[in-house]
Amino acid sequence: IAATQPSTNWNLKENAREHHTSKFSSEELIVRRGQAFTITFNGTERPEQNLIFIAETGPKPSKATKTLATFDISSTVSKEGWGAVLQSSSSSSVSISISSPQNAVIGRYRLSVQTGTSSPATLGTFVLLFNPWSSGDDVFMPNNAECEEYVLEEFGIIFAGNKNHISGFGWNFGQFQGDILSICLSILDRSLYYRQDPVTDVSHRHDPRYLGRVLSAMVNANDDQGVVLGNWSGKYEDGKNPTSWTGSGEILQSWKKSGFKPVKYGQCWVFAAVLTTVLRCLGIPTRTITNFSSAHDADGNLRVDEYYDADGNHLERGADSVWNFHVWNESWFTRNDLGPSYSGWQILDATPQEQSGGIYQCGPASRHAIKEGEVDLDYDGPFVFAEVNADCMYWNYDSATGKKTLIFSKSTEIGDSISTKAVGRDDRVDVTRDYKYEEGSAKERDIFKKARKKLGLEDKFDPTAPKQEEIEQKPDISGKFKVAGSLEVGKDLNLLLVLENLQSDAKTVTVNMTAWSTLYTRRRVDQIWKDSISVTLAPKEEKQFPIKIKYPEYQQQLTTDKTIQVTALCHVEGGIQVLVKRNITLDNPGIDIQVLGEAKVNKEVVVEVAFTNPIDTEVKDCVLQVEGSDLLQGVLELSIPPLKASEKSSTKFKLIPSEAGPKHLLVNFSCDKFPDIKTFKMVNVIN
């Protein structure tokens with residue numbers, strides 16, 4: 001006889017409180033592994049006798065792959081398996097505490113119960129997640145404040161700009177909003193790994209190392225029709241400009257709504273932010289990391305080569321590059337494959353840069369292994385090591401003869417001010433020392449040599465290159481660019497070129513200078529300005545040459561990354577060339593947010609956003625974009641009328657906060673002259 005369908009009370013509120021899943025807005029039970037949850041159901045006669053529970057996940061559940069468990073009621077539960085303990089029973093209902101193993105496969109489970117010989121009756125489904133609060137879990141994080149930040153916090157700050165001028169912008173991870181959890185689970189079911197072998201893929205989903213690698217591939221669209229399509233061309237008309245996003249929710253929702261077509265467009269911080277959302281949602285502690293002067297070493301020799309022509313123009317030669325900044329992720333879990341000292345923070349990178357195992361995925365690389373130069377350990381150690389440690393070689397390239405001449409090399413250029421958001425505060429924390437020993441120290445050089453040796457690169461620059469061109473000569477002069485005045489879009493750019501004669505005889509120097517608008521990856525887009533001067537420097541003399549690039553000169557060419565590269569190639573008579581360069585990131589003008597009155601749960605509160613046009617021409621196509629978890633649903637978009645020179649606009653809108661506590665409101669203001677001016681404000685919501 002088939003059992004009557006029992007009705008199940010999943011005790012959603014109590015279980016969610018116990019399992020740190022209260023922030024999910026779901027009608028489905030969401031719990032964490034290795035910890036008991038309580039359900040109550042009725043419709044069974046004498047329930048405590050011979051009840052058998054069946055928990056199963058994936059397309060072909062089996063005990064062998066640990067995707068199927070059958071268990072009956074016992075008085076104690078082992079940590080190794082599933083179990084059920086009777087809490088209480090009456091003639092009509094029974095309350096059971098169910099627990100899962102600490103290394104259970106995560107995902108959506110079906111739960112059924114069987115009494116005696118009758119066929120199983122379905123109780124419903126629940127979702128099982130990683131448990132950083134449980135000491136037996138691979139993602140266990142002993143510090144509670146860190147769990148709050150790296151799993152439960154929906155707001156983040158991503159650092160950008162360049163090493164001379166670090167800026168940060170807010171991001172709404174929104175991992176608990178709407179159906180984000182279901183979308184995250186469907187990402188797993190669309191990976192190449194799942195498509196090739198669903199049974200094996202699901203059986204590996206107990207392992208954060210496996211899931212981290214799979215998701216680093218799935219967040220980019222390469223290979224697998226993943227979530228975000230990268231675009232570094234400077235042209236984004238048929239999609240959204242990567243700088244315009246303010247949160248992951250809109251991206252993940254668009255991916256699902258379009259029938260899982262990649263969302264246009266992303267750059268590194270977008271990939272990193274979306275991966276943070278997905279991993280935090282699944283319960284793996286995760287944060288974004290920004291590396292300034294980040295190397296992309298395409299040929300795996302731990303050095304990047306940059307080429308310049310005689311006029312000082314940076315040439316697109318070779319696949320290596322140095323980015324003003326690059327954003328990746330760190331996730332926290334044990335490395336049972338490598339040993340205890342390699343556990344802790346692991347580097348994952350979803351930006352499609354180089355293939356690993358035939359597809360665009362990167363990591364997990366143990367951060368400790370990177371610091372110690374253990375580049376032979378899984379996964380992708382050489383690439384990550386180079387991002388923070390590569391040596392830079394600057395060449396003069398003559399396209400007529402094909403001859404290249406080394407201008408100079410630098411071992412302290414790459415991997416600067418590695419940054420992440422502080423725990424519980426909106427501040428920047430520098431984690432450079434966790435990636436490498438002090439630049440220029442003997443220890444740091446030893447580690448670099450150790451890494452090269454492990455990769456079979458002996459201690460010369462490049463065994464295949466002719467030796468003559470790699471001998472560095474001592475320059476006769478030195479030079480640098482200094483910034484004079486503010487670096488703001490809409491204002492003239494004032495620089496000083498400072499040249500110093502290092503010798504005790506006079507030197508004649510021809511200086512070829514150029515300024516180009518670039519992307520944050522330093523890829524050149526348009527030439528803004530060029531000039532050349534001839535100067536004579538007396539013995540040991542230092543001279544300053546002012547450079548002014550007016551706003552109308554650069555306004556048309558400036559990219560939405562607001563970056564300019566200035567170079568001066570100095571040809572010294574009778575001596576070697578000297579390259580002086582600087583990457584400049586301009587700031588947008590500010591916008592101001594005011595919350596008018598007290599923010600209370602389920603009560604309207606008015607917010608005012610103000611912007612003043614700082615330039616002497618009209619700005620048009622003004623759009624305000626607003627979002628914030630628990631403050632408003634989705635993204636609010638408001639059109640604003642054009643603003644005349646120096647005119648101030650003030651826009652008001654209403655919020656209805658849905659939850660108490662400190663919440664963040666993110667604002668993005670765009671117009672034809674100032675794309676994507678971002679700011680955020682913390683709003684303290686009270687009951």
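**Exercise 1. An aromatic cluster**

Task: Trp10, Phe37, Phe41, Phe53, Phe71, Trp82, Tyr109 and Phe126 form one aromatic cluster. The model is predicted. How many aromatic pairs does the count come to, and how is the pair of Trp10 and Phe126 classed?

Solution. 
- Step 1. Start with the total. The count comes to 31 aromatic pairs.
- Step 2. The ring centres of Trp10 and Phe126 are 6.5 Å apart, and their planes meet at 45°.
- Step 3. Apply the cut-offs. Planes under 30 degrees apart count as stacked and over 60 as edge-to-face. At 45°, this pair is therefore tilted.
- Step 4. Trp10 is in the loop between β1 (8-9) and α1 (12-18), while Phe126 is in strand β9 (residues 121-129).
- Step 5. Check burial. Buried means under 20% relative accessible area. Trp10 has 13%, so it counts as buried. Phe126 has 0%, so it is buried as well.

**Exercise 2. A second aromatic pair**

Task: What is the geometry of the pair Phe169 and Trp269, and which elements hold the two residues?

Solution. 
- Step 1. Read the geometry. The centres of Phe169 and Trp269 are 6.4 Å apart, with 80° between the planes. The pair is edge-to-face.
- Step 2. Find the elements. Phe169 lies in strand β11 (residues 165-172). Trp269 lies in helix α8 (residues 268-282).
- Step 3. Check burial. Phe169 is buried because its relative accessibility is 15%. Trp269 is buried because its value is 4%.

**Exercise 3. Charges over rings**

Task: Which ring does Arg287 lie over, and which does the charged end of Arg524 sit over?

Solution. 
- Step 1. Arg287 lies over the face of Trp345, 4.1 Å from the ring centre.
- Step 2. The charged end of Arg524 sits over the ring of Trp516, at 3.9 Å from its centre.

**Exercise 4. The annotated active site**

Task: Which residues does UniProt list for "active site", and where are Cys268 and Asp349?

Solution. 
- Step 1. Consult the record. The unreviewed UniProt entry lists Cys268, His326 and Asp349.
- Step 2. Compare sequence with space. These residues are spread over 82 residues of sequence, yet they cluster in space, with a largest C-alpha distance of 9.9 Å.
- Step 3. Take Cys268. Helix α8 holds this residue. Its relative accessible area is 0%, so Cys268 is buried. Beyond its sequence neighbours within four places, Cys268 has contacts that include His326, Trp232 and Tyr520.
- Step 4. Take Asp349. This residue is in the loop between β18 (344-348) and β19 (365-366). At 2% relative accessible area, Asp349 is buried.
- Step 5. Link Asp349 to His326. Their side chains make a polar contact of 2.7 Å. With neighbours within four places set aside, Asp349 also touches residues including Ser216, Gln361 and Glu387.

**Exercise 5. The setting of His664**

Task: Is His664 buried or exposed? Which side chain does its own side chain make a polar contact with?

Solution. 
- Step 1. Locate His664 in strand β36 (residues 661-670).
- Step 2. His664 has 10% relative accessibility, so it counts as buried.
- Step 3. The side chain of His664 makes a polar contact with that of Asp426, at 3.0 Å.
- Step 4. Excluding neighbours within four places in sequence, the contacts of His664 include Phe155, Glu627 and Met682.

How values were computed: Residues are numbered from 1 along each chain as its sequence is written. This is a predicted model: local features need pLDDT of at least 70, side-chain atom pairs count only at pLDDT 80 or more; totals for chains, interfaces and linings use all residues. Side-chain values use heavy atoms; hydrogens and water are left out. Helices (H or I, at least four residues) and strands (E, at least two) are DSSP runs, numbered from the N terminus. Buried means under 20% relative accessible area, exposed over 50%, partly exposed in between (1.4 Å probe, protein chains only). A polar contact is a pair of N or O atoms within 3.5 Å; within protein, one must be able to donate a hydrogen and the other to accept it, and residues adjacent in sequence count only if both atoms are side-chain atoms. Contact means heavy atoms within 4.5 Å. Rings of Phe, Tyr and Trp (its six-membered ring) pair if their centres lie within 6.5 Å; planes under 30 degrees apart count as stacked, over 60 as edge-to-face and the rest as tilted. A charge sits over a ring if NZ of Lys or CZ of Arg is within 6 Å of the ring centre and within 35 degrees of the ring normal. UniProt positions are given in the numbering used here, feature names are shortened, and annotations may be inferred rather than shown by experiment.
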